[in-house]
Amino acid sequence: MGATVSEPARDIDVVHETDVVVVGSGPAGLAAAIAAARSGVEVSLVERFGCFGGNITAVGVEGMAWYRREQTVEANGLGREFEVRAHELGAAVPESQSDSYEIDAEGFKVVADLLVEEAGVHPMLHRLVVAPVMDGDVVRGVITESKAGREAILAQRVIDASGDADVAHRAGAPTRTTPREEMLAASVMFHLAGVDKAAFLAGVRDDPQTYADWSAGDWEIETDGKEDELFSPYLRKPFERAIRDGVLPATLTTLGGTWGAVHDTGELTYLNIVHLPGIDGTHPDDLTRGEIEGRRQAMHAIEALRRYTPGCAGARLRNFGMTIGIRDTRKIEAAYDLTEADVRGQARFEDSIGIYPEFIDGYGVLVLPTTGRYYQVPFASMVPRGPRNLLVPGRSSGGDRIAHASTRNMSCCAVQGQGAGIAAAVSLHAGREVAEVDIAAVQRELERQGVRYR
């Protein structure tokens, strides 16, 4: 064991008390906060960055529902509302491979502000949650660190939408962490300016890519066959050619992925090209290495696009996401852990809080929801074992690898978040522990908020 220092005991000021505190404002947390407030309770939303939206805004993942096809069946609710409101406010354009909108990461910062304000949620930006406030095995709030130092926020219900089960883990909930060598790759997202739209799209038409093309280089993607001939906005050939010509290092074989939209202004957005294995998002040294290496690889990718992609000769970097994108860290051991059989087999649950299409993306599997198949998302998958008064929606909810490859996606995180927010509010109205909430009452409120749960 290395050297240690002792931190003196101190009293921490309670700066705020509320009915529900939500930790993290990605699709799960944002949906949870808005849904709880719309259910008639006081809500505070705590976020470590200076904007709400999480993966959408901070990372730059602009595709909420790039899987959507004509036959796709969905829960709707706040996940769809995020898209619609963004489009109405000029912060979304049609997405290139689906019947969905690509949400503009910068514009959605304002959309999220409006949604939070309209719902009456108390915003608490620039606060990193560092510990839970515990009363025995009951989570009574959280402690944050900020420019103001340490502060305490007390709440009757706590929703951990941190993405890494930070609150649950520190409250003593059992969690599982994927071994580093098996984790889904992290990504540094970037966007270009200076692209000739007409020439770029002509190049796409001349050499259209499909999902079958994803199985190339160091990747091997398992589909169920129906995806293989569908169009995908996929970029791989420029990087392979650049390696052959010595423009890129021969070791840089992981570059490849999708673009989101190309604009009349010359912007090519949502470039999901850089994939970094072995990055554990709960370790700051890994995150440091990933940020620096990701930006380095992105600049290599831009050089290859300039040389070998029609319309990109004059391209330049517009921006990076403000933080690296993490797909895979801790997951709680829940009252019920979803399984591969559930997400592939249209599982049905009495405690359903929403539905999600048969969409799987991760661990070498890609299944798109083109046939109307869907599964129900159980409330119990958000209930951690151990600490009470706590729900964990989003990518750290309970499930096995392939279940996680479905529920980790932002639109499913929004489904879970809305269900968690409503459950927290309904439990408060009834004076019951959140884990013992009346599911029928939760489902009635889901219906009132426009969510399909069966």
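The model is predicted, so local features need pLDDT of at least 70 and side-chain atom pairs count only at pLDDT 80 or more, while totals for chains, interfaces and linings use all residues. Residues are numbered from 1 along each chain as its sequence is written, and side-chain values use heavy atoms, with hydrogens and water left out.

**Helix α8**
- Helix α8 (residues 284–308) has 25 residues and reaches 36 Å from its first C-alpha to its last, close to the 36 Å expected at 1.5 Å a residue, where the expected span is 1.5 Å times one less than the number of residues.
- Its buried residues (under 20% relative accessible area, 1.4 Å probe, protein chains only) include Asp-286, Glu-291, Gln-297 and Ile-302.
- The buried residues of α8 pack against β10 (190–193), β11 (234–235), α7 (237–244) and β15 (316–320).

**Packing of α7 with α8**
- The axes of α7 and α8, which are lines fitted to C-alpha atoms over the stretch in contact, come within 9 Å and cross at roughly 95°.
- The two helices α7 and α8 are therefore roughly perpendicular to each other, a label given to angles of 65 to 115 degrees.
- Pro-238, Phe-239, Arg-241 and Ala-242 in α7 meet Ala-301, Ala-304, Leu-305 and Tyr-308 in α8, with contact meaning heavy atoms within 4.5 Å.

**Arg-385**
- Arg-385 lies in the loop between β20 (374–378) and β21 (390–391), and Arg-385 is partly exposed, with a relative accessible area of 39%, the class between 20% and 50%.
- The side chain of Arg-385 reaches the backbone oxygen of Ala-334 at 2.8 Å.

Key. Helix = DSSP H or I, 4+ residues; strand = E, 2+ residues; numbered from the N terminus. Axes fitted to C-alpha atoms, helices over the stretch in contact; angles between N-to-C directions. Parallel < 35°, antiparallel > 145°, perpendicular 65-115°, else oblique. Polar contact = N/O pair within 3.5 Å; in protein donor to acceptor, adjacent residues only side chain to side chain.
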